[in-house]
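Dear colleague,

I am handing over the structure below, followed by an account of what was found in it. Please keep the two side by side as you read.

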Number of protein chains: 2
Amino acid sequence: MNDMEVQQPIAACAEKWDFNWLLHRAAQRVGAAFADEITKFGISLRGQLVLQALVSDEEAARTQLKLGAMLGLDKTTLMSELDKLERAGLIMRVPDPNDRRVRTPVITDEGRELQKQARDALAEVERGFRARFTDQEMAVIRRALSDLATGEGPVHGSCL
Amino acid sequence: MNDMEVQQPIAACAEKWDFNWLLHRAAQRVGAAFADEITKFGISLRGQLVLQALVSDEEAARTQLKLGAMLGLDKTTLMSELDKLERAGLIMRVPDPNDRRVRTPVITDEGRELQKQARDALAEVERGFRARFTDQEMAVIRRALSDLATGEGPVHGSCL
DNA sequence: TGGAGAAGTTCCGAGTCAAGATGTTCTTAG
DNA sequence: CTAAGAACATCTTGACTCGGAACTTCTCCA
């Protein structure tokens, strides 16, 4: 009932606010829903993101730095996330035989299994959001977001 | 040229990634563009957001707590932002005659002037993004974002 | 061989979030 | 009228993130 008073004005005047604010707020809301679901699997949203990148990108064998840049994560943040995932046995950092500086993160079988389950659970959550729109609308939205997400310069401040 | 190597994979496999990640990444990109512009006016993106809320909402005379909840800002973060804006002479905290607990944030004339200029500059940036889409697409996107941004429960983790 | 520079890692400073404590001020039930 | 409870603004504390700067180990080019 407190929610009613607080949230209602958002709907009321959302139209006249920043495109930027709308984007952030939507990301905040959707992110909260995803986070609620993903924590049931014992990993964070970021952890799932990293795992997902590792399964869908295994041929590339990326370095840690490039992985962070690709995902939009700060290098120190990615480092601590990889530490957690490694400690949980979901990934391994394998030394590159050709370049002894790099230790490529590789997903383990357990990680792959967990990622698959988590992905399905998140897809279910995503379906909930999808249901609010028609297929044509979703196509537009997805294309627009992909387009906006694909800039060129590096980005300040992430919060992913 | 480093950007090419790093950013290109994003476009390549953006289609198969999280709706959630897409949203956050898009918000990150657009936010960066807005932030670049707004810092020329000596205020932060959050500062502009607060000022905007104060001009478009002056009849409501909100308390600081409700303002924070409406904008999705943490109360301590909003406090420090109000401190900055007050120090810059852009807002004032005026005591409420009816309730001596509350000190309502009110925008000053200088604040109103600055906000107007900043708003126009940001509208220009927004126009740049709009140009990538048709009017119909923008309508869909705006409606969708408004819809997503309008949830009911409180939200964890903001980064606005 | 020497030096520029990349990769991974750690450390530090600033900023944010979340939760809680405090003091002041309303409100309301007895 | 008074005492209990709630609301508001503020401050504090702890954990986390970001961004920059070091540092070590290693690669590659001249």
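**A loop residue in chain A**

A:Leu73 has its place in the loop between H4 and helix H5 (75-87) of chain A, where helices (H or I, at least four residues) and strands (E, at least two) are DSSP runs, numbered from the N terminus. The model is a predicted one, in which local features need pLDDT of at least 70 and side-chain atom pairs count only at pLDDT 80 or more, whereas totals for chains, interfaces and linings use all residues. Residues are numbered from 1 along each chain as its sequence is written, while chains are lettered from A and ligands numbered from 1 in the order in which they are written.

With 19 other C-beta atoms within 10 Å, A:Leu73 is partly exposed; a residue is buried if 20 or more other C-beta atoms lie within 10 Å of its own, exposed if 12 or fewer, and partly exposed in between, the C-beta atoms being placed from the backbone. Leaving aside its neighbours within four places in sequence, A:Leu73 is in contact with A:Gly68, A:Leu78, A:Ser158 and A:Leu160, contact meaning that the C-beta atoms of two residues, placed from the backbone, lie within 7 Å. A:Leu73 and A:Leu160 are 87 residues apart in sequence, yet their C-alpha atoms are 7.0 Å apart in space.

**Chain A as a whole**

Chain A contains seven helices and two strands, and from the N terminus on its elements follow the order α-α-α-α-α-β-β-α-α. Of its 160 residues, 32% count as buried. H3(A) is mostly covered, since nine of its 11 residues are buried, among them A:Leu45, A:Gly47, A:Val50 and A:Leu54.

**How the two chains meet**

Chain A superposes on chain B by a rotation of 179° with 0.0 Å of shift along its axis (RMSD 0.1 Å), which is the relation of a two-fold axis; the superposition is by least squares on the C-alpha atoms of residues with pLDDT of at least 70 in both copies. The contact takes 58 residues from chain A and 58 residues from chain B. On the side of chain A that touches chain B, H2(A) gives the most, with 16 residues, and by class that side has 32 nonpolar, 14 polar and 12 charged residues. Here Ala, Val, Leu, Ile, Met, Phe, Trp, Tyr, Cys and Pro count as nonpolar, Asp, Glu, Lys and Arg as charged, and the others, Gly among them, as polar. Because 100% of the interface residues of chain A are also interface residues in chain B, the copies meet through the same surface.

Two residues show contacts across this interface. Leaving aside neighbours within four places in sequence, A:Ala26 is in contact with B:Leu23, B:Leu145, B:Leu148 and B:Ala149. B:Ile141, found in helix H7 (residues 135-149) of chain B, counts as buried with 23 C-beta neighbours inside 10 Å, and its contacts, again leaving aside neighbours within four places in sequence, are A:Val140, A:Ile141, A:Ala144 and B:Phe133.

With best wishes
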